[in-house]
Amino acid sequence: MVKPVTKAVFPVAGLGTRFLPATKSIPKEIMTLVDRPLIQYAIDEARAAGITDFIFVTSRGKSALEDYFDRAPELEHALEEKNKNKLMEVLESTNMPSGAISYVRQQQAMGLGHAVWCARRLIGDEPFAVLLPDDVIMADEPVLAQMIEAHNEIGGCMMAAMEVEPEAASAYGILDIDNRDGNVVNVKGMVEKPPMGEQPSNMAVIGRYILTPEVLDELHETDAGAGGEIQLTDAIAAQIGKDPGVSGLIFDGERYDCGNKGGFLQATVAFGMARDDLGPDFRDYLRGLDFGK
């Protein structure tokens, strides 16, 4: 029987240098996509998938991220006095129950694998999810919920996967696929950022994972590789060929890479247009722009 996935790790220790100067004083994960911070999208996705324990891997300068999920009594009181009930509901959605969020520090920037390893004592001996807040996904059913539904059937390690154009494959981890059953692919190999023309498929890994505790054991034994980083993909690849193995889920949804400025702008437009309160006026504005200039 597959153990339920109730814990999720959010690696948020990065400096966000691609968004300087904004990230000089605020964590990148607090930057707002329309009117919600990036981290809120990730938390909401995890909550909708049944996650109850949220583990943040942070670093120095991330106190605003911690404060965001705390209560704001003065603000709540001010809204209550003015009978701004809708805003009260919005604010309530940002609060987390006491004890639901834990924080651990990644004291050295040694890669995603090292960040996940830092959370090992809080994860224990059970499967867990990893969500990268840079990857924001617009979907009718949250992607992590799609993954957990599939994982309940097959277990093992699972990664969210999407098809990319051949010329874009060198920017991703690419799966070498054994076979496909519906939206689930069995993985027989993984290649991190393969050179142009050498990718084993066009199936790329994006920032959603369900991992077994054996991955943590592998990370514990893994030495730093290129760039002094411990790679998560290496630890996952070590599970290939074992029972129950490694799979990818080709998810339903549109993914936006908010780790770069172009993707962030695209997501802002897409999520703005999708809002009932903003979409109509925003669409009219966009139609009126002269994109030929």
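Reader: Where is isoleucine 101 found, and which residues does isoleucine 101 touch?

Author: In this predicted model, isoleucine 101 sits in strand E5, residues 101-105. Leaving aside residues up to four places away in sequence, the residues touched by isoleucine 101 are Phe54, Phe56, Phe69 and Met96.

Reader: Is isoleucine 101 buried or exposed?

Author: The cut-off for buried is under 20% relative accessible area. Isoleucine 101 has a relative accessible area of 15%, so it counts as buried.

Reader: How far apart in space are isoleucine 101 and threonine 52?

Author: Along the sequence, isoleucine 101 and threonine 52 are 49 residues apart. In space, going C-alpha to C-alpha, the two are separated by 8.8 Å.

Reader: Which residues touch the most other members of the largest nonpolar core?

Author: That core has 39 residues. Strands E1, E4, E6, E8 and E11 are among the elements giving it two or more residues, along with helices H1 and H7. The residues that touch the most other members are Phe10, Ile39, Phe54, Phe56 and Leu144.

Reader: What does phenylalanine 10 touch?

Author: Again, residues up to four places away in sequence don't count here. Phenylalanine 10 meets Leu131, and also Phe54, Ile55, Phe56 and Val57.

Reader: How far is leucine 232 from histidine 114 in space, C-alpha to C-alpha?

Author: Leucine 232 touches Leu112, Gly113 and Val116, as well as Tyr209, Leu211, Val215 and Leu219, not counting residues up to four places away in sequence. Leucine 232 and histidine 114 are 118 residues apart in sequence, yet their C-alpha to C-alpha distance is 7.6 Å.

Reader: Is glutamine 40 buried or exposed?

Author: Glutamine 40 is part of helix H1. Its contacts are Arg47, Tyr68, Phe69, Ser93 and Thr94, leaving out residues up to four places away in sequence. With a relative accessibility of 2%, glutamine 40 counts as buried.

Reader: Are H3 and H4 roughly parallel or antiparallel to each other?

Author: The axes of H3 (residues 73-81) and H4 (residues 85-92) come within 8 Å and cross at roughly 155°. Angles over 145 degrees count as roughly antiparallel. H3 and H4 are therefore roughly antiparallel.

Reader: Which residues meet where H3 contacts H4?

Author: H3 passes H4 in a left-handed crossing. The residues of the contact split into five nonpolar, no polar and two charged. On the H3 side are Leu75, Glu76, Leu79 and Glu80, and they meet H4's Leu87, Met88 and Leu91.

Reader: Which peptide bonds are cis?

Author: Most peptide bonds are trans. Proline 21 is in the loop between E1 and E2, while proline 244 is in the loop between H9 and E12. The cis bonds here include leucine 20 to proline 21, with omega near 10°, and aspartate 243 to proline 244, with omega about 10°.

Definitions and conventions:
Residues numbered from 1 in each chain as written. Predicted model: local features only at pLDDT ≥ 70, side-chain atom pairs only at ≥ 80, totals over all residues. Heavy atoms only, no water. Axes fitted to C-alpha atoms, helices over the stretch in contact; angles between N-to-C directions. Helix = DSSP H or I, 4+ residues; strand = E, 2+ residues; numbered from the N terminus. Parallel < 35°, antiparallel > 145°, perpendicular 65-115°, else oblique. Left-handed = near helix turned anticlockwise from the far one by under 90°. Contact = heavy atoms within 4.5 Å. Nonpolar A, V, L, I, M, F, W, Y, C, P; charged D, E, K, R; others polar. Core = buried A, V, L, I, M, F, W, Y, C linked by side-chain atoms within 4.5 Å. Buried < 20%, exposed > 50% of the residue type's maximum accessible area, 1.4 Å probe, protein only.
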